[in-house]
2 protein chains.
Amino acid sequence: MAAERTEIAGLGEFGLIDRIKSSTTIQNLTSLKGIGDDAAVIDIGTENLLVSTDMLLEGIHFDLSYMPLQHLGYKAVAVNVSDIAAMNGKPEQIVIGLAISNRFSLEAVDMLYEGIQAACKNYKVDLVGGDTTSSASGLVISVTVIGRAAKDKTVLRSGAKANDIICVTGDLGAAYIGLQVLEREKEVFQTNPEMQPDLEKYEYLVGRQLKPEARMDVIHELIEKNIPLTSMIDISDGLASELLHLGKSSGLGIKIFEDKIPIDSLTYDTSVEFKIDPTTAALNGGEDYELLFTIKPSDFELLKNHPDIHFIGHTHNNPNQNVMISKIGTVVPIQAQGWKHF
Amino acid sequence: MAAERTEIAGLGEFGLIDRIKSSTTIQNLTSLKGIGDDAAVIDIGTENLLVSTDMLLEGIHFDLSYMPLQHLGYKAVAVNVSDIAAMNGKPEQIVIGLAISNRFSLEAVDMLYEGIQAACKNYKVDLVGGDTTSSASGLVISVTVIGRAAKDKTVLRSGAKANDIICVTGDLGAAYIGLQVLEREKEVFQTNPEMQPDLEKYEYLVGRQLKPEARMDVIHELIEKNIPLTSMIDISDGLASELLHLGKSSGLGIKIFEDKIPIDSLTYDTSVEFKIDPTTAALNGGEDYELLFTIKPSDFELLKNHPDIHFIGHTHNNPNQNVMISKIGTVVPIQAQGWKHF
């Protein structure tokens, strides 16, 4: 061990990724795009191959006391597919690394794979390999997804130009508020095991947390209608963090309007019930797996009536000015969320 | 949770993999070969893409009390590259999922990546992406490697024909005996921290355990010399287990000769010192990452003088007869090792 000790928390997740990236060299011509986008881009001739990996750990990313194993399996695939969606690509294969402790029965493993298979079927992805091992502690699921995109249709985080319109699919903050509901019910249950969880009212929110969907429906539609996107990222860590990634990668600043951020009414009401500002939930909550992308102003007509795409602001030339115009007209800086886990 | 409970240990690792495989359906024409070989095979037009994943967990696959972090990083890449070698392919990209607890400093993460980068450089592989997260318990490293092989040169486990010659590279059992040495020294150190570890004599064995190399040197040579292999697998779980995989996949039986199994003299002597039969170490020890492959009898001339390739037996038509002829001439059935971790 080195004599010096620097805490990782001080650097943060994105600092650590930058550090790893800066010490990496590329030796193969087929490696078109490495660390720093939703997926790596590999040259396979007529198309681009897309590769992304995500790891889910018990006690960090999920709590088995309220996460059914089928949902966990489904989610592990969906969050990876979402990274391929964010490149405007289609997923085709996955490989899964699974570490399970001996407190898991074969029936439990079957349930997990039921969810994995259901997601594979839904997203038309083939499970083609993996590694299964035991774990000394919790459950670990590592999924790597492989997808493809046309060479001229692959959308990076870095392609936005000034004055592009910033678009968001679906609604935001629900997964985070759903997690608050689950945590509260868990606490109630631990205090009084006779109490039945009261989740029906919050079904949408809890579903967003436990069984998120990758927005492949939007991607298929955009590809079919041949709508050109200039940049894209999926919203896994919260809107604020992803806006800053998109801006930084494209060398631009971001301006969004609070009243344009899509928030479902149940998310709004429940957020208030938890004394959480609904906008904060949308900006920093994470795990929504919606898509954040930019289009040229001239392409606005193509999407303006889409019921599930929302226009929240635009890019501009000053990369040091990333702001949200609040509902009362004040200028609020957009701030990155730190790493929640460390 | 289901009412019934079946222990995974009863099914074993290979039983579990078979179970997962049987519930898997393939939907994409590009998925040429799924679960059941060293790597998945994906059609990318003029070539095959190869994908393999391996997960290493602290407390299961490595012990940080004697595994330096640089070596761990190197090994995590090497064992994955070995799977691409076993398809007669060349690795090109890796993505890494890393889960670290807050007891790790930034300096420790740097050391781990030093090893990863060293392996990337050695095997000409690019680190193109990953996922970094925290861990509530131990260190987890999940590596997925992507490689390529010519369509007519991709070697599966299933291609052997009866009377093919069974070949093994390098020597076997050293990594397992190296582990015994490390475990013994750890125990000595725990009893008396003043004692310095006595590893110099065992350097080769300890090196085989801590810093294994994928046999890309052999693969590059075989590809260059255009030597046709009929089937191949890498030796990660021990020779016995891999022989049975090869035989089963090819629908053949296996016959090997104990006196032909390559065992280094230091492995032999140290094995005896530990009261472990050297042949058992070679058959069931695992982690040697040598290559096991078959060639047609007519191609024997091409390899017979190779200093690092050993001919240990041949395949035959009866898949139910998998035997080793011992040094004293007795017929010993080859038996699969169960899953060590459960």
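Start in chain B, in the loop between helix H9 (278-284) and strand E10 (290-295). Select B:Tyr289, which sits in that loop. The model is predicted, so treat every value here as computed from it. Check the backbone of B:Tyr289: phi is positive, about 55°, although the residue is not a glycine. Most residues other than glycine have a negative phi. Is B:Tyr289 buried or exposed? Count the other C-beta atoms within 10 Å: there are 24, so B:Tyr289 is buried, the cut-off being 20 or more.

Next, go to chain A and select A:Lys275. This residue lies in the loop between helix H8 (265-273) and helix H9 (278-284) of chain A. The surroundings of A:Lys275 are another matter. With 6 C-beta neighbours inside 10 Å, A:Lys275 counts as exposed, because the limit for that class is 12 or fewer.

Now the core. Select A:Val77 and B:Val77, the residues with the most contacts inside the largest nonpolar core. That core has 200 residues. Which residues does A:Val77 touch, leaving aside those up to four places away in sequence? Show A:Ile94, A:Ile116, A:Ala119, A:Cys120, A:Tyr123, A:Val125 and A:Val143. In soluble globular proteins, nonpolar side chains tend to be buried together.

Stay in chain A and colour by domain. Domain 1 covers 38-150 and domain 2 covers 165-333. Their C-alpha centres lie 23 Å apart. Where the two domains meet, domain 1 of chain A supplies 16 residues and domain 2 of chain A supplies 18. Select helix H2 (residues 69-85) of chain A: on the domain 1 side it gives the most, with nine residues. By class, that domain 1 side has nine nonpolar, four polar and three charged residues.

Finish with both chains in view. The contact between them takes 71 residues from chain B and 71 residues from chain A. Which elements of chain B give two or more residues to the side that touches chain A? Work through them in order: helix H1 (8-22), strand E2 (40-43), strand E3 (47-57), strand E4 (90-100), helix H3 (106-123), strand E5 (126-134) and strand E6 (140-150). Colour the side of chain B that touches chain A by class to see 32 nonpolar, 29 polar and ten charged residues.

Notes:
Residues numbered from 1 in each chain as written. Chains lettered and ligands numbered in written order. Predicted model: local features only at pLDDT ≥ 70, side-chain atom pairs only at ≥ 80, totals over all residues. Contact = placed C-beta atoms within 7 Å. Helix = DSSP H or I, 4+ residues; strand = E, 2+ residues; numbered from the N terminus. Nonpolar A, V, L, I, M, F, W, Y, C, P; charged D, E, K, R; others polar. Core = buried A, V, L, I, M, F, W, Y, C linked by C-beta atoms within 7 Å. Domains from an automatic or database assignment.
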